Structures are given as structure tokens and as C-alpha cells.
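Hi there,

Here is the structure I promised to pass on. Have a look at it first, and my notes follow below.

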Amino acid sequence: MSPSPRNTPPPRYRIVQQGPDRRPLIWTLLVLAWLGSVAVAWRWSQQLAAPRLPELSRELTEARGRLKRQQGELETLRQRTEILEKSDQITRAANKQVQRSLAEREEEIAGLREDVAFYERLVGATTPRKGLNVHSSQFTREAAGSWRYEIVLTQNLNRGAVSEGRLKFAIEGVREGKLAAIDWDALHQTSGAPGQPYSFRYFQQLAGSVMLPQGFTPQRVKVRLRGESGSVDQTLAWQGREPENATAATAVAGATGANDLIQGEP
């Protein structure tokens with residue numbers, strides 16, 4: 001007879017097979033669902049609060065584009081304006097230069113006309129011949145306060161002879177309400193100042209500088225010529241000018257150059 005089996009007590013521990021952990025997947029799904037709900041809520045609130053927001057955004061983009069283009073056009077117009085302003089300045093400066101040149105040419109033409117008239121009076125066939133003569137006197141104020149004089153002497157009575165001698169002059173006028181005369185020595189501020197020599201065949205310009213006293217108003221110039229060919233005392237009206245108003249110097253300068261040529265003739 002086989003022995004009867006013994007009753008064994010049940011085990012205290014039981015092995016149970018565990019399935020995969022699904023908690024990360026669940027959390028992921030929950031996060032996605034939350035994000036989806038947030039997006040839906042934002043979209044719904046956008047449509048509810050600002051239904052024209054997309055259209056406004058598009059219009060804002062277009063407005064920014066137009067603004068950028070207009071800024072570019074404005075910058076182009078600004079550059080063109082600067083160019084036109086500079087061009088206008090250049091044109092004005094050129095016009096002023098042209099006007100100055102025209103004024104200078106007119107002065108030269110006036111001087112040449114005076115030269116022609118002077119030569120016609122001097123050597124013209126119908127002009128009455130004269131001996132030693134003071135043709136003109138002109139005084140121009142200088143920067144230092146002195147006066148530069150230009151006196152033209154002529155003679156066409158004896159065209160082959162040379163007139164030689166010395167020139168002096170005095171200036172008559174008014175000083176402190178009284179008639180006064182400033183003689184040659186006072187004009188040169190030198191005692192016994194020698195006369196200015198002259199020597200010419202037809203005409204000559206004499207030039208120099210003199211000082212007039214303060215408060216003296218000149219009116220006449222008394223010129224005295226002393227030479228072997230004779231003596232001449234002649235009174236001329238005062239002709240004074242400021243430097244900027246000197247417009248007839250060209251005629252006298254031309255006469256001087258012509259005188260040098262004439263004196264050089266055999």
C-alpha cells in the first residue's frame with residue numbers, strides 16, 4: 001500500500017505577471033487634449049471678440065508695404081529737391097557772373113567810345129588846333145584816405161614839337177563855412193614840393209596822390225603849367241568819385257597807352 005500524500009500548505013507568495021505601464025501615454029493624451037482645447041478656445045474667442053482680425057492683419061501688412069514704398073518715393077523726391085536747389089543756386093550764381101561780365105563789357109565799350117571821341121577831338125581835321133591845354137582832371141578816393149588824381153594834358157597846335165615842363169595845382173573849396181584853397185605844398189604835406197614833370201608830343205596823363213584836410217569840401221581845381229613852350233593857368237570843376245563808382249578809368253588808361261605809342265613816332 002502506498003503511503004497517502006501529505007497535505008502541503010499553500011504558498012505565501014504568488015507570482016502575478018504585470019502588463020505594460022500606460023501612464024506616460026495617458027499623460028501625453030491629456031496634454032494634447034489640453035492644447036487642443038486651448039487652440040479651440042483661442043480660435044473661438046478670436047472669432048467672437050474680433051471677427052475681422054485676419055482681415056485687419058492683412059490690411060496692416062498692406063499698409064506697411066505702402067508706407068515703405070511711399071517712404072522710398074519721399075526720399076527720391078527729397079533728393080530731387082536737393083538737386084534742383086543746388087542747380088538753382090548754380091544758375092543764380094552764373095546769372096550774377098554774367099551780369100557782372102556784361103557790366104564790365106559795357107564799361108569797356110563806354111571807355112572805348114570816350115577814347116574814340118577823344119582822338120577825334122585831338123587829331124580831327126575839323127577840330128580847331130590848340131596849344132598846351134588841360135583836357136580833364138579826375139580824383140578818386142583811396143583806401144588810406146588820400147585822393148588819386150589823373151590829369152590829361154593835350155596840344156595839337158604844333159604836332160612836331162614836344163611840350164615839356166612841370167605841373168602844379170591847387171584845390172579851392174569850402175572849409176568850416178568859409179572859402180579856402182589848399183595849395184600844392186599842403187596837398188603833398190611837404191614844404192617846397194617840386195612840380196610834377198610832363199613831356200609829350202600830343203597828350204599825356206599825369207597821376208599821383210594828394211591829401212585833403214578833414215572838413216574840406218572841394219569845388220574847383222586850379223592847374224598851373226610852367227614850361228619852355230609857355231605857361232598855362234586853367235581852372236576846372238572838381239570831379240571826384242568813390243572807388244566802386246569808378247567807371248571811366250578805362251578811357252584814361254587807353255589814352256595813356258596811345259600817348260606812349262605817339263611819343264615813340266619819329
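Four helices and nine strands make up the secondary structure of the chain, in a model that is predicted. Reading from the N terminus, the elements go α-α-β-β-β-β-α-β-β-β-β-β-α.

Now for the chain as a whole. It has 266 residues, and 24% of them are buried. Its accessible surface is about 19,800 Å², with 56% of that belonging to carbon and sulfur atoms. If you take the contacts between residues at least 6 apart in sequence, 69% of them join residues at least 24 apart.

Next, the inside. The largest nonpolar core counts 26 residues, and Phe139, Leu153, Leu167, Phe169 and Leu225 have the most contacts inside it. Elements that each supply at least two residues of this core include the strands β1 (133-141), β2 (147-154) and β3 (163-175), as well as the helix α3 (184-188).

In general, nonpolar side chains of soluble globular proteins tend to be buried together. Leu25, in helix α1 (residues 23-49), is exposed, because its relative accessible area of 52% is over 50%. Leu25 also belongs to a nonpolar surface patch of about 700 Å², together with Leu29, Val31, Leu32, Trp34, Leu35 and Val38.

Definitions and conventions
Residues numbered from 1 in each chain as written. Predicted model: local features only at pLDDT ≥ 70, side-chain atom pairs only at ≥ 80, totals over all residues. Heavy atoms only, no water. Patch = residues over 30% accessible without salt bridge, like charges linked within 9 Å, V, L, I, M, F, W, Y side chains within 5 Å. Areas by Shrake-Rupley, 256 points an atom, 1.4 Å probe, with all protein chains shown as cover. Salt bridge = Lys/Arg side-chain N within 4 Å of Asp/Glu carboxyl O. Buried < 20%, exposed > 50% of the residue type's maximum accessible area, 1.4 Å probe, protein only. Core = buried A, V, L, I, M, F, W, Y, C linked by side-chain atoms within 4.5 Å. Contact = heavy atoms within 4.5 Å.
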